[in-house]
Amino acid sequence: MKHFDVIILGAGPGGLFAAREAGRRGLSAVLLEAQDRAGRKLSMAGGGMGNITNRNLSSEHFVSEAPGFCRGPLRRFGTDAALSLLAELRIPWEEREFGQIFCLEPASVLARRMLDAALAVGASFFSGCSVRECLREEGEFRVACGENSFSAPRMLIACGGPACPQAGAGDCGAHLAARLGHRVVPFRPALVPFVMPPDWPLHGLEGISLSAKLSVDTDNGPVFDPCGARSLMFTHRGFSGPAALSASCRWRAGRALTVDFLPEESLLALMHQPENGRQLVRTLLARRMPARLAERLAPPDVAGRRVAELGKKDRERLCSAVHAHRVIPSGTEGMRRAEAAAGGVDVRELGPGMESRFVPGLFFCGEVMDMTGLLGGYNIHWALASAFTAARAMAAQKKTGQCAFSAGNPC
Ligand SMILES: Cc1cc2nc3c(=O)[nH]c(=O)nc-3n(C[C@H](O)[C@H](O)[C@H](O)COP(=O)(O)OP(=O)(O)OC[C@H]3O[C@@H](n4cnc5c(N)ncnc54)[C@H](O)[C@@H]3O)c2cc1C
């Protein structure tokens, strides 16, 4: 039996960074990874170039049953901290639209350097080690992996979620948490393309992409993407592209999407401009969006008429078709196409140091928790910020027997 200060399950960005931060703070850590190498999903991120953080970070960019829970970790570990980490790891970066920060080296290089940084501060790493069981006896966590057994007074579950199973992802971490008594919000695919019903009038427009603004119906009314209008792509089954992927984080089966296909202009105002009065409706629209889409959106009895000929009712019908196209998706492309899984360990059962409120020494970080970022580097940032917070809390707990963020345990 090898003894450590902390056992970390999973070597994604969360587990890797936690191992580094724990080691820097004097904790002995063992990092156990189910796959043959660290950071497999991280290596695929951002089309291989890792969108690892964002200039704009707030609880608005996260979906959870308790989104406010992310504020503490985001305050402790913000954008500048993530950029300092990239600088330390000698990874150049660039800023793209909506404040997205992308690596200028492949994300696989980032994964390797994060592992090296953890090893450099003394962490031990075992790959091919899928932990399915965990014993908790006499205040110690015990796990076995092949011929090796490990024990520690702390365990950090950093196993991620089940999105993208072809990269080896699963829900093992959430199962372990549930067996230790935690509530798990059921996982659902997020950052995933939509599939539309067979009678959707916009089928057949695949290949078209344009800037659009989507809102999702929720119990609290329609919710818009805080990033505003983003690129929307028609696929042969429905919608994809950043606008659709972000909307999918909030979407639930049976709920409607509303799409504004002309988010930067008011069609009503355009129709009131005298110089547009002689234009055909289809021409007015086709100057502002792909002609094939304009033809489908304009009601057939209106498309071929001149703008000036339209009465109030027809103008309203046209505006609603363009600015408020409503559709109830029949589903999404599922976990295989999802970049994240919404749901996970209920964060209301955790303290501010990411520690379980009722299993002392049990910590969580990253996607295994019920905290899902919209598109834009938010999920990797969450993995880093929650790992940083957990590592700080674990180190403070070892040193003082108390949590870093509150007067007493649990953290
Ligand atoms: C194609 C794709 C592109 C993406 N692009 C971006 C992007 O650009 N920006 C962004 O912010 N997010 C992106 N994401 C999401 C992001 O990669 C994840 O949210 C992030 O990696 C989560 O980090 P994590 O450390 O919590 O979990 P993971 O990265 O999933 O790592 C968890 C690790 O735990 C291991 N593990 C699981 N169970 C066990 C077990 N029982 N025992 C031992 N080990 C176990 C897994 O093998 C895995 O290596 C993308 C996801 C995909 C699939």
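Some ground rules come first. Numbering starts from 1 along each chain, following the sequence as written. Since the model is predicted, local features need a pLDDT of at least 70 and side-chain atom pairs count only at pLDDT 80 or more, while totals for chains, interfaces and linings use all residues. Here pLDDT is the predictor's confidence in each residue, on a scale from 0 to 100. The protein averages 95, and 98% of the residues score at least 70. Over residues 406-411, though, the pLDDT is below 50; in the model this stretch still has 22 contacts beyond near neighbours in sequence. A contact, by the way, is a pair of residues whose C-beta atoms, placed from the backbone, lie within 7 Å.

Now for the sheets. Helices (H or I, at least four residues) and strands (E, at least two) are DSSP runs numbered from the N terminus, and two strands pair if DSSP finds at least two bridges between them. Five strands make an open, parallel sheet in the order E8-E3-E2-E12-E23. Angles run from 0 to 180 degrees between N-to-C directions, and axes are lines fitted to C-alpha atoms, for helices over the stretch in contact. Within the sheet, E2 (residues 6-9) and E3 (residues 29-32) run parallel and share four bridges, with Ile7 standing opposite Val30 in E3. Helix H1 packs on this sheet, where it touches E2, E3 and E12 (154-157); the direction of H1 makes about 170 degrees with that of E3.

H1 has a helix partner too. The axes of H1 (residues 13-24) and H13 (residues 378-400) come within 8 Å and cross at roughly 30 degrees. Nonpolar covers Ala, Val, Leu, Ile, Met, Phe, Trp, Tyr, Cys and Pro; charged covers Asp, Glu, Lys and Arg; the others, Gly among them, are polar.

Both H1 and H13 turn up again around the ligand: together with H2 (40-44) and H6 (172-179), they each supply at least two residues of the shell. In total, 42 residues surround the ligand, and the closest are Gly10, Gly12, Gly46, Gly160 and Gly366. (To be near, a residue needs its C-beta atom, placed from the backbone, within 6 Å of the molecule or strand.) The shell divides into 21 nonpolar, 16 polar and five charged residues.

Another open sheet has three strands in the order E4-E7-E6, and this one is antiparallel. Its edge strands are E4 (51-54) and E6 (93-95), and neighbouring strands are turned by 30 degrees on average, direction ignored. E6 and E7 (residues 100-103) pair over three bridges, and Glu94 has Phe102 in E7 as its bridge partner. Helix H4 (residues 79-88) packs on this sheet and touches E4, E6 and E7, with its direction at about 145 degrees to that of E4.

Elsewhere, E15 (residues 209-218) and E19 (residues 257-260) pair antiparallel over four bridges, and Ser215 stands opposite Thr258 in E19. E19 is also joined to E20 (residues 325-327) by three bridges, again antiparallel; here Leu257 stands opposite Val327 in E20.

Note on methods
Contact = placed C-beta atoms within 7 Å.
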